[in-house]
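Student: I have a structure open and would like to talk through a few of its features. Could we begin with the pockets and then move on?

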Amino acid sequence: RRYGNSGLPDDSIHVELTGTAGQSFGAFCVQGVTLQLHGDANDYVGKAMNGGTIVIAPPTGTSYASQDSAIVGNTCLYGATGGRLFAAGRAGERFAVRNSGAVAVIEGAGDHACEYMTGGQVIILGAVGVNFGAGMTGGLAFVRDQARQFADQVNGELVNCHRIETESMRGYAALLRRHVETHVAQTGSSYAASLLKDWSHFIRDVWLVVPKAAKLDVLLEEAS
């Protein structure tokens with residue numbers, strides 16, 4: 001009430017938790033709030049958030065591969081209008097549905113990711129399910145396609161897919177690298193750190209997904 005949606009300085013309120021969160025962890029999060037969870041969370045993480053930062057990573061000392069393990073549930077970032085989410089692991093189905101402004105970095109997702117997305121940026125550093133980008137009319141997404149299956153998983157009705165290892169796409173590659181570096185700094189993900197070390201090979205596997213109506217130079221300027 002005192003500061004409104006945008007008047008609180010970043011990280012003014014920092015909450016650090018350990019364990020398993022239930023439904024809607026970080027829902028309606030606002031600017032100035034940081035929620036850091038050492039563990040995992042259920043469905044609707046960051047639902048309708050419009051600011052702040054949510055960081056979810058496995059507890060220190062875990063031995064499993066984060067990119068192969070679920071860390072958040074279904075329908076995360078549903079209707080989000082801003083803020084940031086960093087999750088060192090996989091998300092369930094319908095990730096970032098109706099996202100219109102949040103920035104997120106995760107390490108894999110299920111079916112229907114970025115459905116009806118109208119804004120924001122989604123970076124997925126691992127495999128995704130089917131029907132990616134259905135109804136997506138805004139924002140952008142980076143998806144790692146190591147298995148070369150993404151062409152059969154994306155819903156191409158409203159989006160185009162581009163490679164980013166070329167000279168003309170250098171700006172997008174730099175944008176992606178900044179996001180991955182921030183993800184490593186926030187979560188300590190050893191998987192994401194390994195991608196940075198082998199960057200030239202990693203970006204060959206990445207697709208940039210953008211709405212067909214978007215102009216690449218304008219979209220990059222807005223995203224940066």
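**The largest pocket**

Tutor: This is a predicted model, and its largest pocket is lined by 22 residues, of which A57, P58, T187, G188 and S189 lie nearest the centre.

Student: What volume does the largest pocket have, and which elements give two or more residues to its lining?

Tutor: The volume of the largest pocket comes to about 290 Å³, and the elements that contribute two or more residues to the lining are β2 (33–41), β3, α1 and α2.

Student: And how does that lining split by class?

Tutor: The lining of the largest pocket has 12 polar and 10 nonpolar residues, with no charged residues.

Student: Switching to the helices, at what angle do α1 and α2 pack?

Tutor: Helix α1, residues 170–187, and helix α2, residues 190–197, pack at an angle of about 145° with their axes 9 Å apart, and α1 passes α2 in a left-handed crossing.

Student: Which residues make that contact?

Tutor: From α1 the contact uses R177, V180, E181, H183 and V184, while α2 supplies A192, A193 and L196; by class, these residues of the contact divide into 5 nonpolar, 2 charged and 1 polar.

Student: New topic: where is S66, and is it buried or exposed?

Tutor: S66 is found in the loop between β3 (50–57) and β4 (82–87), and S66 counts as buried because its relative accessible area is 10%, under the 20% cut-off.

Student: What does S66 touch, leaving aside residues up to four places away in sequence?

Tutor: With those residues not counted, S66 touches A88, G89, R90, E107, S189 and Y191.

Key: Residues numbered from 1 in each chain as written. Predicted model: local features only at pLDDT ≥ 70, side-chain atom pairs only at ≥ 80, totals over all residues. Heavy atoms only, no water. Axes fitted to C-alpha atoms, helices over the stretch in contact; angles between N-to-C directions. Helix = DSSP H or I, 4+ residues; strand = E, 2+ residues; numbered from the N terminus. Left-handed = near helix turned anticlockwise from the far one by under 90°. Contact = heavy atoms within 4.5 Å. Nonpolar A, V, L, I, M, F, W, Y, C, P; charged D, E, K, R; others polar. Buried < 20%, exposed > 50% of the residue type's maximum accessible area, 1.4 Å probe, protein only. 1 Å grid on protein atoms, 1.4 Å probe; cavity = no way out; pocket = protein on both sides within 12 Å on 5 of 7 lines; lining within 4 Å. Points joined across faces, edges and corners; volume = space filled by probe spheres on them.
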